[in-house]
Amino acid sequence: MKLLYFVDEKNPYSTIKEVLKAHFNISERLLLKLKRNNKILLNNQITNINTNIKNNDLIQIFLDFEEDNSNILPTKMNLDIIYEDEAFIIINKPAGIPVHPSMEHYTDSLSNGLKYYYDLINLKKKIRPVNRLDRDTSGLVIFAKNEYIQECLIKQMNNNIFYKEYIALCEGNFTELDGIINKPIARKQDSIIERCISPNGDKAITEYKVLSYNKENNISVVQCILKTGRTHQIRVHMKSIGHPILGDTLYGNSSNIISRQALHAYKICFYHPLTKQSNEFIAPIPKDIEQLIL
């Protein structure tokens with residue numbers, strides 16, 4: 001993959017470095033890697049980034065240099081790939097699979113499956129998840145195929161441009177059918193996993209809308225839109241208003257009708273870092289949640 005910049009009469013920049021930093025917003029860390037790998041060219045020649053530019057110059061930034069990804073073991077998996085191009089790959093993650101390897105899931109995470117796929121297509125790049133889901137949360141996970149794309153998408157998240165919508169089954173019948181939960185979240189004292197509402201926590205905002213109510217099972221189908229991206233945010237926020245997610249044993253109760261927290265990352269929308277066009281992707285509701293939406 002490469003980035004191109006053609007210098008014309010409207011060009012506001014004086015040097016190649018200004019183009020890289022101001023136009024493409026390339027970080028210092030990535031800039032060093034590009035320089036080290038001789039991936040910055042001016043008119044098809046390797047160049048110094050402090051070189052002055054003139055009308056009709058062509059700047060090329062190649063992002064195809066190889067990276068060591070041997071820290072993740074490849075494991076063959078049936079990946080449900082929603083979309084893929086040269087910039088990123090979007091996978092519909094099933095429940096029960098973590099995104100990252102860990103001591104308990106050293107070879108069976110989604111990253112292990114993606115490493116196997118990268119080996120098949122001979123892509124020697126690090127595994128770079130842009131968003132993260134809990135092990136028992138299903139739905140869309142996007143992986144950037146290089147550092148530049150990852151930086152661009154994370155900036156969209158930080159600027160609240162990256163739209164993330166979830167479908168949750170929550171316990172009980174809501175009296176307020178829509179609202180905004182604005183409660184800071186912090187790590188619970190003496191726990192490395194659990195989070196809680198705390199005035200000393202990080203800002204956390206969730207918009208919600210009740211879509212339907214299943215009277216037989218006393219559960220509500222809730223659309224949740226993340227305005228921030230805190231760990232366990234929806235799970236903690238739903239608990240805080242008295243409607244924990246069905247089957248969430250960490251923040252609520254176990255369930256005899258579903259074997260995991262009933263939370264699904266349903267839709268994401270963002271601007272493609274290369275085309276600048278708006279993109280929307282949807283992961284179908286999994287069967288264990290779908291059968292309870294009545």
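Here's a quick tour of the pockets and aromatic rings in this structure.

Keep in mind that this is a predicted model, where local features need pLDDT of at least 70, side-chain atom pairs count only at pLDDT 80 or more, and totals for chains, interfaces and linings use all residues. Residues are numbered from 1 along each chain as its sequence is written, and side-chain values use heavy atoms, with hydrogens and water left out.

**Pockets**

- The largest pocket has a volume of about 1200 Å³. A pocket here is an open set of points on a 1 Å grid over the protein atoms alone, where a 1.4 Å probe fits, with protein on both sides within 12 Å along at least five of seven lines; lining residues have an atom within 4 Å of a point. The volume is the space filled by probe spheres set on the points, which are joined across faces, edges and corners.
- That largest pocket is lined by 42 residues, and Leu-133, Asp-134, Arg-135, Thr-231 and His-232 lie nearest its centre.
- H5 provides the largest share of the lining of the largest pocket, with 3 residues. Helices (H or I, at least four residues) and strands (E, at least two) are DSSP runs, numbered from the N terminus.
- By class, the lining of the largest pocket splits into 15 nonpolar, 15 polar and 12 charged residues. Nonpolar covers Ala, Val, Leu, Ile, Met, Phe, Trp, Tyr, Cys and Pro, charged covers Asp, Glu, Lys and Arg, and the others, Gly among them, are polar.
- The second largest pocket holds about 260 Å³ of space, and H4 gives the most to its lining, with 3 residues.
- Residues lining the second largest pocket include Ile-154, Phe-162, Lys-164 and Arg-230.

**Aromatic rings**

- The whole structure has 8 aromatic pairs. Rings of Phe, Tyr and Trp (its six-membered ring) pair if their centres lie within 6.5 Å; planes under 30 degrees apart count as stacked, over 60 as edge-to-face and the rest as tilted.
- Tyr-83 is partly exposed at 28% relative accessibility, while Phe-88 is buried at 0%. Buried means under 20% relative accessible area, exposed over 50%, and partly exposed in between (1.4 Å probe, protein chains only).
- Ring pairs also tie Tyr-83, Phe-88, Phe-162, Phe-270 and Phe-281 into a cluster.
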